[in-house]
Amino acid sequence: MTTRLADIAAQAGVSEATVSRVLNGKPGVAATTRQSVLAALDVLGYERPVRLRQRSEGLVGLITPELENPIFPALAQVIGQALTRQGYTPVLATQTPGGSTEDELTEMLVDRGVAGIIYVSGLHADTTADMQRYERLRAQGVPFVLVDGFSSQVQAPFISPDDRAAMSLAVTHLVSLGHTRIGLALGPKRFVPVQRKIEGFVRTVQEQLGLAAETVEKELVQHSLYTLEGGQAAASALIGRDCTAVVCASDMMALGAIRAARQLGLDVPKDVSVVGFDDSPLIAFTDPPLTTVRKPVPAMGQAAVRTLLEEIGGTPAPHSEFVFMPELVVRGSTASAPGERVRP
């Protein structure tokens with residue numbers, strides 16, 4: 001027990017006496033300190049005493065796309081932690097190819113009496129999808145919040161990163177390095193975040209390099225899938241059109257772009273610069289470390305939970321879009337434009 005107290009105290013940065021007070025449920029400990037001790041228990045793999053286990057205020061559904069892209073587990077973790085701190089139990093429902101659809105997962109969660117649902121990159125982001133599904137859910141009295149994607153047809157709170165600003169940050173960085181032929185690799189055009197990234201990319205390239213919008217969209221924008229293979233295919237096409245830099249709409253695509261450059265006998269970043277989007281976990285440790293636009297995941301996740309709990313509590317947030325500013329993180333995958341690149 002003494003060893004365990006010392007371990008927990010060291011992990012939480014508090015005294016052993018404080019740990020003892022928390023574990024024994026005694027008063028006189030600040031809420032933040034108590035939370036630090038409980039978090040230390042979890043990190044070290046100790047079981048919480050029964051008296052310290054929270055009673056659930058209810059279940060909250062979280063519907064995400066597949067978890068292969070590490071940005072989705074990262075967002076799910078932030079949302080799950082924020083819900084747990086407020087006494088709610090998160091229920092993660094993941095869409096996988098060939099698995100349950102968003103509508104089926106929604107029905108399953110509603111049948112289990114969830115207090116509300118958070119959707120991440122769902123059908124609300126698809127401009128071709130029927131938005132009536134969300135109005136039907138509202139009619140059932142189930143509060144919900146929509147993350148990544150916007151539709152004026154849905155009366156609900158939306159949480160989004162500023163996709164246009166993200167592209168402006170990436171292009172401005174590459175132009176400052178001397179690149180004049182910059183390509184954009186991203187997913188299918190029917191998705192709202194894709195359309196916004198194109199708008200931001202085209203506008204910034206127009207302003208900084210003087211190219212016509214039609215030329216930019218026709219020659220410098222390449223649609224593919226949000227996968228490593230998709231990024232590889234898109235980047236191969238863009239490098240074939242003499243691009244010395246490629247901006248990718250996800251870090252997974254950016255890893256594919258680096259692979260494409262190498263297969264063409266080119267060096268990243270000496271011959272081709274690559275910029276990602278998300279700043280996914282572990283992406284700083286790739287070869288080379290990836291320059292990327294950091295999606296404000298902690299702020300977005302916490303805002304989604306806060307907004308949903310306001311809806312659940314009967315004081316709805318404005319039915320509008322809350323937009324969060326991304327941040328450029330410069331690492332090793334971008335460098336000055338090559339004076340004259342030798343074609344493979």
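Mentor: 18 residues of domain 2 are in contact with 18 residues of domain 3. Contact here is heavy atoms within 4.5 Å. Keep in mind that this is a predicted model: local features need pLDDT of at least 70, side-chain atom pairs count only at pLDDT 80 or more, and totals for chains, interfaces and linings use all residues. Residues are numbered from 1 along each chain as its sequence is written, and side-chain values use heavy atoms, with hydrogens and water left out.

Trainee: Where do the domains run?
Mentor: Domain 1 is 3-50, domain 2 is 56-159 + 294-325, and domain 3 is 162-293. Those bounds come from an automatic or database domain assignment. The C-alpha centres of domain 2 and domain 3 lie 28 Å apart.

Trainee: What area do domain 2 and domain 3 bury between them?
Mentor: About 1500 Å², with 57% of it on carbon and sulfur atoms. Buried area is the accessible area (1.4 Å probe) that two parts lose on being put together, summed over both.

Trainee: How many salt bridges cross the interface of domain 2 and domain 3?
Mentor: The rule finds 3. It asks for a side-chain nitrogen of Lys or Arg within 4 Å of a carboxyl oxygen of Asp or Glu. Elsewhere in the list of contacts, 8 residue pairs across the interface of domain 2 and domain 3 are in polar contact, both residues at pLDDT 80 or more. A polar contact is a pair of N or O atoms within 3.5 Å; within protein, one must be able to donate a hydrogen and the other to accept it, and residues adjacent in sequence count only if both atoms are side-chain atoms.

Trainee: Which elements supply at least two residues of the domain 2 side?
Mentor: α4 (71-85) and β11 (321-324) each do, on the side that touches domain 3. β11 gives the most, with 3 residues. Helices (H or I, at least four residues) and strands (E, at least two) are DSSP runs, numbered from the N terminus.

Trainee: New topic. How many salt bridges does the structure hold?
Mentor: The structure holds 12. One of them joins Glu 199 and Arg 164, at 2.7 Å, N to O. That pair links distant parts of the chain: Glu 199 sits in helix α8 (residues 192-209) and Arg 164 in helix α7 (residues 163-176), 35 residues apart. Asp 126 also forms a salt bridge with Arg 190, where the closest N and O atoms are 3.0 Å apart.

Trainee: And how many aromatic pairs?
Mentor: A search of the whole structure finds 4. Take Tyr 119 and Tyr 134: their ring centres are 5.5 Å apart and their planes are at 85°, so the pair is edge-to-face. Tyr 119 is in strand β3 (residues 116-120) and Tyr 134 in helix α6 (residues 132-139), 15 residues apart. Rings of Phe, Tyr and Trp (its six-membered ring) pair if their centres lie within 6.5 Å; planes under 30 degrees apart count as stacked, over 60 as edge-to-face and the rest as tilted.

Trainee: Backbone next. Where are the cis peptide bonds?
Mentor: One joins Val 268 and Pro 269, with omega about 15°. Another joins Asp 287 and Pro 288, with omega about -5°. Pro 288 is in the loop between β9 and β10.

Trainee: What does the side chain of Thr 286 reach?
Mentor: The backbone nitrogen of Leu 290, at 3.3 Å. A polar atom of the Thr 286 side chain also lies 2.8 Å from the backbone oxygen of Pro 288. Thr 286 is in the loop between β9 (273-278) and β10 (291-294).
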